[in-house]
Structure formats: C-alpha cells, structure tokens
Amino acid sequence: MACFERVSPALREILTRIHRAERPLEVDHHVHEFGSVHYHVKHSVTDPVYTYLSVSTPLLSSQGLPISSHLPQHTLEMVNGIFPGVMEALVPPNEGYQLTLKLDISRIPRDGKASTKMISDIASVQSALVSTQLKEILRNVESREVGYGIYKPIKLMYHPREPFFVVKQPAKTTAIFPMRFKEKEDVIIATAFFQELMDVGSSEAFRKAPHCIWSPIPPAELRGEPIEDLSTNGGFLSFDITLRHVQGKKLEKTVWSLLNVYTFVKWHVKPLHDVGNEEGDDHRETRKKTKKVDGGCTNVRKWMRVSKKKILGRNLELGNKMKRIRSRIKIHCFSRLRRKWLRMPKFSPVTRYMKLE
C-alpha cells in the first residue's frame with residue numbers, strides 16, 4: 001500500500017546533495033523503498049548539466065491486470081507541467097521503468113525554502129503517478145455517463161495482498177476495503193477501531209466527511225465477486241465519495257487518503273496493540289506480586305493450565321483488552337478527528353486525521 005509520505009526521503013536527500021555540491025558529482029544510486037518502488041538516480045561529471053531519474057512503481061491494476069502497460073499521454077503532460085524547464089519526461093523511458101526524467105537541477109533556485117520545496121516536489125513524482133490513476137476514476141462521480149442500475153465493482157490493487165474495490169453508482173462512488181489481519185488480537189483491536197470510526201463519522205460535526213461503514217460481512221455491492229476476495233477476518237470498511245469530495249484540491253486529498261487506508265489502519269492497530277501489551281505486562285506484574293503474598297495453590301494452578309477455564313480466561317482477557325482499547329480510542333485518538341479526515345500521522349504518539357468538507 002502507498003506510504004504515509006508523498007515525498008521519498010532517500011530520493012530527496014540524493015537530489016539535495018547533487019544540488020548543493022560545489023562541483024559535479026559522480027552519482028549512480030539505486031534506491032528501493034517499500035519493497036516494490038525502485039528509483040535510479042544517475043549524474044555524471046562528463047554530463048554535469050543533467051541528472052537522470054528513473055522510477056519503477058507498482059501501478060494500480062484492475063482485475064489483476066495492469067490498467068495500462070505504459071503511462072498515458074496526459075500523465076506525461078502532468079509530469080512535464082510540474083516544473084517546465086527543470087524536469088522533462090523522456091519517451092521512451094529507460095528499460096525496466098515506467099518513467100525517466102531528465103532534470104536540470106542547476107535551474108533550481110539556491111534559496112533554501114524554494115529549493116527545498118522544488119526538490120520535495122520532484123521526489124514525490126512516484127506518488128503523483130499512482131494518484132493520477134485513481135483520480136481518473138473519481139473524477140467521473142455524478143458523470144452523465146453513469147446511468148441507473150447495477151454496477152460491476154472495479155477491483156484495484158496497488159499491493160498484491162491489499163486489493164480494494166471501487167463501485168460507481170449514481171451520485172457517488174463507494175470504495176470498499178476488505179480487511180485482513182494475521183493476529184487474533186489485531187482483529188479485536190481493529191474491530192473496536194472501526195466501530196469508533198463509524199460512531200464519530202456519523203456525528204453532526206463530520207456530516208461533510210465521506211460516509212464510513214464497517215461490516216463483518218461483504219456489502220451488497222460485492223455480491224458475485226470471487227470467494228477469495230470476500231474471505232476476511234476483519235470485515236469490510238467502506239467510504240462513500242460524493243461530488244463534494246472530488247472538487248478542486250479536495251480530489252488530491254481524497255485520492256491520497258484512499259490509497260493509504262490500509263497503512264492508516266495498520267499503523268493505528270500497531271500502537272494500540274503495543275498499549276494493550278504494556279497494560280498486560282502491568283497486570284501480570286500485579287498478579288506475580290499477589291501470588292507471592294498468597295502462596296500455595298500450586299496444584300490448582302497447574303490444573304488450571306490444562307483446563308477449559310484457561311480458554312475462558314483468555315477470552316475474558318481479550319474482551320477486557322478490547323474495552324480498554326475502545327476507551328483509549330475515545331479519549332485520545334478521536335479528539336483530533338475534527339481537524340482533518342484520515343490524515344497520515346508522522347510516526348508520533350499523537351494521532352491526527354484529515355477532514356474533507
């Protein structure tokens with residue numbers, strides 16, 4: 001799934017070093033990020049004017065097949081329009097890459113803020129490629145080409161293990177995310193998180209945000225889809241996208257939020273899981289102290305280890321953990337949801353969201 005940040009930190013660092021160098025550098029770097037994104041940066045002292053940046057990224061695919069084997073012309077025009085004269089998309093790109101840029105870094109201003117912004121924008125080109133595809137789908141919300149009737153879901157994959165569906169309907173487009181988790185406790189944590197997300201999202205304060213629905217069973221829109229796509233242990237999270245969410249600059253925010261739903265959920269499950277473990281450690285420490293005071297009952301405790309009561313105890317402990325997690329979510333996590341809807345946190349203990357109006 002798409003990462004938290006639009007900008008590639010490693011790519012930004014390399015381009016900044018080339019830009020600030022007092023004399024031409026010999027640079028030939030391959031950078032791999034998030035397991036499947038590949039950058040190749042080449043700058044030669046024999047050709048000091050230009051830097052060549054090639055990008056390979058898993059593009060969104062439909063029904064398991066790439067939406068397109070090459071970048072469409074309008075995408076290349078979009079890239080060329082970011083900084084005319086500074087970067088240009090070469091046709092065809094270098095072999096093995098979807099995009100190769102010719103950069104004239106000498107045209108980037110020496111001013112600190114201006115140069116930082118331009119280099120960051122260049123280093124975010126991979127996110128621009130992926131976002132463009134989903135934008136094309138969402139731009140047709142309330143399009144006259146969409147009639148009334150039953151619509152076949154469009155299955156999209158940015159990551160092979162994280163498919164999601166887009167269902168175009170009159171007046172809205174619904175994005176549906178099948179949620180899967182490896183650990184049983186993660187399922188419990190995520191379930192509590194989804195329920196709180198629905199509760200807050202349905203309040204009057206957030207009536208302009210995309211309507212959020214979580215269901216443990218497949219929604220009606222996915223009826224008829226392959227069973228392997230509907231087999232989940234975390235249910236289905238859905239967002240209704242209407243015209244207001246794709247107008248002007250809101251389209252960019254909506255697209256990036258949808259591309260990051262899986263990462264958003266997993267990030268929150270992890271810290272909440274860690275919180276539960278810390279509370280469990282404190283609880284176990286208290287029990288150890290109690291045992292030292294009480295003493296005895298050794299045979300009873302051994303019998304309990306192999307009895308059905310142990311299973312019931314585990315379920316009770318998981319249930320209590322779920323209650324503690326939901327309480328923590330109510331107190332801490334959603335107090336900042338009013339600021340922005342689904343904003344990606346920068347790995348800090350404070351949870352933030354991005355709100356679409």
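Predicted model: local features only at pLDDT ≥ 70, side-chain atom pairs only at ≥ 80, totals over all residues.
## Basis

Local features need pLDDT of at least 70 and side-chain atom pairs count only at pLDDT 80 or more, while totals for chains, interfaces and linings use all residues. Residues are numbered from 1 along each chain as its sequence is written, and side-chain values use heavy atoms, without hydrogens and water.

## Helices α1 and α3

Helix α1 (residues 9-20) and helix α3 (residues 112-122) have axes that come within 9 Å and cross at roughly 135°. That makes α1 oblique to α3 (angles under 35 degrees count as roughly parallel, over 145 as roughly antiparallel, 65 to 115 as roughly perpendicular and the rest as oblique). Helices here are DSSP runs (H or I, at least four residues).

Arg-12, Leu-15, Thr-16 and His-19 of α1 meet Ser-115, Ile-119, Ser-120 and Ile-122 of α3, where contact means heavy atoms within 4.5 Å. The residues of this contact divide into three nonpolar, four polar and one charged.

## Nonpolar cores

A nonpolar core is a set of buried Ala, Val, Leu, Ile, Met, Phe, Trp, Tyr and Cys residues joined through side-chain atoms within 4.5 Å. The largest has 67 residues, and Leu-53 and Leu-134 have the most contacts inside it. Another core, of seven residues, lies apart from it and includes Phe-165, Val-167, Ile-176 and Phe-236.

Leaving aside neighbours within four places in sequence, Leu-134 is in contact with Leu-60, Leu-156, Val-166, Val-255, Leu-258 and Leu-259.

## Thr-191

Thr-191 lies in helix α5 (residues 184-201). Thr-191 counts as buried because its relative accessibility is 15% (buried means under 20% relative accessible area, with a 1.4 Å probe and protein chains only). Thr-191 and Ser-215 are 24 residues apart in sequence, with 9.5 Å between their C-alpha atoms.

Terms used: Axes fitted to C-alpha atoms, helices over the stretch in contact; angles between N-to-C directions. Helix = DSSP H or I, 4+ residues; strand = E, 2+ residues; numbered from the N terminus. Nonpolar A, V, L, I, M, F, W, Y, C, P; charged D, E, K, R; others polar. Buried < 20%, exposed > 50% of the residue type's maximum accessible area, 1.4 Å probe, protein only.
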